[in-house]
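This report covers one protein model.

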Amino acid sequence: HRASFAGLVQDVLIQVDVSGEETKFGATYDEMMSMIKANETNSHVQIRGLMTMAPFVEDAEQIRWVFKKLKDVQVDTRSKTFYNTNMEYTSMGMSNDFEVAVEEGADIVRVSCPDEQSTKALKEITQNVKLPVIADIHFHYKRAIEAAENGAKCLRINPGNIGEKQK
């Protein structure tokens with residue numbers, strides 16, 4: 001509603017719960033399709049793709065199937081015609097598994113930047129990955145500046161991780 005009041009078109013990704021893990025959130029396939037169909041009459045929201053979060057594991061090969069499945073859902077959905085939906089992007093892969101996500105067709109990856117070392121590592125990641133990298137900042141303005149300076153395409157500020165002293 002805010003986009004319509006402001007006269008804007010808001011680009012969004014739908015988060016899909018591919019893994020079914022209890023700690024992950026997102027729409028089921030049927031819920032995603034319902035959202036897409038409901039959005040066809042909304043000229044202020046453009047669905048640009050899908051995103052998912054895979055379970056955390058030591059060996060990213062164990063979750064390759066999650067990224068493959070999201071890419072398959074994107075390809076399937078892209079083959080259908082919906083107004084205000086183009087399924088251009090898949091955002092999948094985080095700090096510990098983005099290489100596998102890229103191999104499975106990620107268009108955007110997200111890297112956690114809780115400290116100076118991780119934000120400085122962004123430069124190498126952005127140069128090697130050649131995809132937009134979203135820096136997941138744990139609400140620290142210095143990390144945001146460092147991430148932007150080191151090639152982050154977008155910043156995601158995570159207020160859920162703010163400690164009482166940082167508020």
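## Packing of α2 and α3

In this predicted model, helix α2 (residues 29-39) and helix α3 (residues 64-78) have axes that come within 13 Å and cross at roughly 35°. The crossing in which α2 passes α3 is right-handed.

On the α2 side, the contact is made by Tyr 29, Met 32, Met 33 and Ile 36. Val 73, Asp 76 and Thr 77 make the contact from α3. By class, the residues of this contact comprise 5 nonpolar, 1 polar and 1 charged.

Helix α6 spans residues 141-149, and its buried residues include Arg 143, Ala 144, Glu 146 and Ala 147. These four lie on the same side of α6 because they cover an arc of only 165° around the axis.

Tyr 141 and Glu 149 are exposed on the other side of α6. Just after the helix, Gly 151 takes a positive phi of about 105°.

## The chain as a whole

The protein chain contains 6 helices and 6 strands. Read from the N terminus, the order of elements is α-β-α-β-α-β-α-β-α-β-α-β. The radius of gyration is 17 Å, close to the 15 Å from the globule rule for 167 residues, so the chain is as compact as a globular protein of that length.

The C-alpha trace spans about 45 × 40 × 30 Å along its principal axes. Of the 167 residues, 42% are buried. Among contacts between residues at least 6 apart in sequence, 59% join residues at least 24 apart.

Key: Residues are numbered from 1 along each chain as its sequence is written. This is a predicted model: local features need pLDDT of at least 70, side-chain atom pairs count only at pLDDT 80 or more; totals for chains, interfaces and linings use all residues. Side-chain values use heavy atoms; hydrogens and water are left out. Buried means under 20% relative accessible area, exposed over 50%, partly exposed in between (1.4 Å probe, protein chains only). Helices (H or I, at least four residues) and strands (E, at least two) are DSSP runs, numbered from the N terminus. The arc is that of the directions from the helix axis to the C-beta atoms. Axes are lines fitted to C-alpha atoms, for helices over the stretch in contact, and angles run from 0 to 180 degrees between N-to-C directions. A crossing is left-handed if the near helix is turned anticlockwise from the far one by less than a right angle, and right-handed if clockwise. Contact means heavy atoms within 4.5 Å. Ala, Val, Leu, Ile, Met, Phe, Trp, Tyr, Cys and Pro count as nonpolar, Asp, Glu, Lys and Arg as charged, and the others, Gly among them, as polar. The radius of gyration is taken over C-alpha atoms; the globule rule is 2.2 Å times the number of residues to the power 0.38.
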